[in-house]
Amino acid sequence: MIKNYLKIALRNLLKNKAFTFINLTGLAVGIASFILIILYVQDELSYDKFHENYDRIYRLRLSGKVANNEFNMAVSCAPLAPALISDLPEVESAARMKNYGFPVFRYDEKAFSEENCFWVDSTFFDIFTVRFLQGDPKSLKDPSSIVITESMAKKYFGNEDPIGKLINSDKRKDYKVTGVIADFPHNSHFHPDFLLSLYSYEEYQNTSWLGNNFYTYALLKKGVSEKEFESKIKELVKKYVGPQIQQALGISYEQLVQRSDNYEYLLQPLSSIHLQSHLEHEIEPNSDITYVYIFSSVALAILLIACINFMNLSTARSAGRAKEVGIRKTLGSDRFQLIKQFLSESILLSFLSIIFALIFVKLLIPTFNNVSGKHLDLTYFDNFTTIPLILLLGILVGFVAGIYPAFFLSSFIPTKVLKENSRSKGSKSWLRSGLVVFQFAVSVILFIGTVVVYNQLDFIQNKKLGFDKEHVIIIEKTDDLKDQIKTLKLQLLENPDIASVSNMGTIPGKAYGSNAVRAESSPPDETHILWITAADYDFKKTFRIEMAAGRYFQRDRITDSTGIVINETAVKVLGIEGDPIGQNIVALGGRPEQNNKVPIIGVMKDFHFESLHSEIRPLGIYNAQDQFRGRYTAVRIGTDDVRGALKFMENKWRNLASDQAFEYVFLDEEVGKLYSSEKRTGEIFTTFSILAIFIACLGLFGLAAYTAEQRTKEIGIRKAMGASIGSIVFLLTKEFTKWVLIATLIAWPLAFFMMNSWLEDFYYRIELDYAVFIWAGLSALFIALITVSYQALKAALVNPIKSLRYE
């Protein structure tokens, strides 16, 4: 019986080639889009789940509020992990990670400046699932040990056995390789290349609970309640943090809480970090769960649009199959058999579409990876669930697309459908109209979303940031030069095409340090967080920062070495009254015998040193002076010959750094990377918006063709009675126009709500322009009219004699 159903289904598909082509193309494109987006979503949801005990691993993050100053950080203090193990029996193991900085590692004659280096506790491997290729997981108990990844082993040692070899560090000492591990997979929220024993870090036994610069992870025992465990952490904080708050602020922990402030460590499930954590001092930039929801909705919407095409075309051509249904029922077929027959057609078409969709996916996945920044691949045999899921998708799509047409067509009554005028039956359907409205409503929403995303990106790229990011080249890892940084600056300035050079600890868009401070004139408990960095005398000139009051650091003023330059926001937040120049800022956390007062010598105009997602925060720049060993050196060039300037800079670098690679970035591109996820979103949105509109128009084209066919005799009569071509075109297009207008009216408020919610992630954002909504609606209407008008005009131009002969 199934074989018979499939044979009849195949004959019907071959008989109606236009119907088959439109549905096959629409479903194939829709399924391919669905698969690509689902691969993206699946990858996003898989982060950190390769660890065996990921559901019991938590990161402890700092959350606090002191004197109206809120802070949420991914880091915690050094003594937290040992206290978790000693004080809380619910903890199976705990480990700390501390960024090692940017060392230069050397072996033999090879030298490389590295970035992904961390000090870790020896318990690190008790918590995280790491595959050891060589060596002992317990080896990090030795202060001189280092564990490296497989790629680093090949980089430094080639085919040599790395175990026991010594790697020289310019920062500390020689480290002995005691283990080689597999590279961390891409779906991890951190990717260390070097893991060094934390015992080699001089501050690993730091007892300060107020200094937070470690990442702390805890593996809880099975059955431990997250909520109950967090309440115990609060008691731990009260026990250890309380006395240190009393010493630093002069108030007890209870008093801090009573005035609605807080200082606590909260749990973060490991698997939630990548999508739901956007804290200060994240190890790597994370993604956003919002995009998972958005793209999942888009995938489902596109698939539904493709299924709706099948529904609409199947019901629209119902008059053509009415006699078939009547005859089959007269010959004894029951409704259930007919439903199975029609469903077999839709499922067969669905499987044919999946074959083409898989070909599309295989061809398009490299391009999609390039746009999305992923490394996706559709493997059929590596995962035993892939093929069953594809088969299930084929059945599901076929069932969803075919269920309504199957029930609709099988419901015909033989005595009615076998009449001669049956062709006019079923030509109108409120459900079909509603489905077209849904298709175009989704298309208009995607269209508006695309325009809003690009308008926001354009706003970001053209907004004045308070500094000049153009024509600035950033030389990275200049701290590798140590005392020769000043020499590099002087040699670079020998080139007349180089306007200025500045060395600094960080650059706009990168992580800044922070410190708890207060104005000297403020009460001791009115503390605020000041974001800080160090820069030399030429920072203002190189970045073209404008001053609001006072002056920037000058070489001929010896007292400037102990001063600070702050921004306008810092003046407001610290509550400095009157002229800020000469007033002191008190840095907290030092010993009483130390002088923690820093005089303000200048106030900069606010500039965006972070992304436009957040408002400008208080910033202070310390005087690094000329002997500073900053990570970055900014070079402002005054020529269009960028290649020549770069060659000159590289030559000077190699004269001083010998075997060290010359690494540089352009400041404008580096600032642009802050919005890379939004750019990817815009590109993905654009691509799938075009596909959604294409699929919707494909269905509309087929629907218009069947509508024109059903009204062939009517058109012939109207033309014979003197109707013009324009009036007939209007007659055939007005109903479709009405559908698109209704879809637009439905899409507008939904798009406004969605895009307004998306824009809330930006502190500095555009206002939603109603012109965008009107333009999107008119564009959808224009595209729909172009699609329908072809069939309408084709029908209107047919000779009335032929139309009146049409059966």
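A crossing is right-handed if the near helix is turned clockwise from the far one by less than a right angle. In this predicted model, H2 passes H11 in a right-handed crossing.

Q: What kinds of residue make up the contact of H2 with H11?
A: The contact divides into 20 nonpolar residues, five polar and no charged.

Q: What makes the pair Arg-631 and Glu-115 a salt bridge?
A: The N to O distance is 3.9 Å. The cut-off is within 4 Å. The pair therefore counts as a salt bridge. Arg-631 lies in the loop between S23 and S24 and Glu-115 in the loop between S6 and S7, so the pair ties together parts 516 residues apart in sequence.

Q: Why is Arg-631 called buried, and Glu-115 partly exposed?
A: Arg-631 has a relative accessible area of 6%. Buried means under 20%, so Arg-631 qualifies. Glu-115 has 37%. Exposed means over 50%, so Glu-115 falls in between.

Q: How do you know that S7 and S12 pair?
A: Pairing needs at least two bridges. S7 (residues 117-120) and S12 (residues 194-197) have four, in the parallel sense. Strands S7 and S12 therefore pair. Trp-119 has Leu-196 in S12 as its bridge partner.

Technical notes: Residues are numbered from 1 along each chain as its sequence is written. This is a predicted model: local features need pLDDT of at least 70, side-chain atom pairs count only at pLDDT 80 or more; totals for chains, interfaces and linings use all residues. Side-chain values use heavy atoms; hydrogens and water are left out. Helices (H or I, at least four residues) and strands (E, at least two) are DSSP runs, numbered from the N terminus. Ala, Val, Leu, Ile, Met, Phe, Trp, Tyr, Cys and Pro count as nonpolar, Asp, Glu, Lys and Arg as charged, and the others, Gly among them, as polar. A salt bridge is a side-chain nitrogen of Lys or Arg within 4 Å of a carboxyl oxygen of Asp or Glu. Buried means under 20% relative accessible area, exposed over 50%, partly exposed in between (1.4 Å probe, protein chains only).
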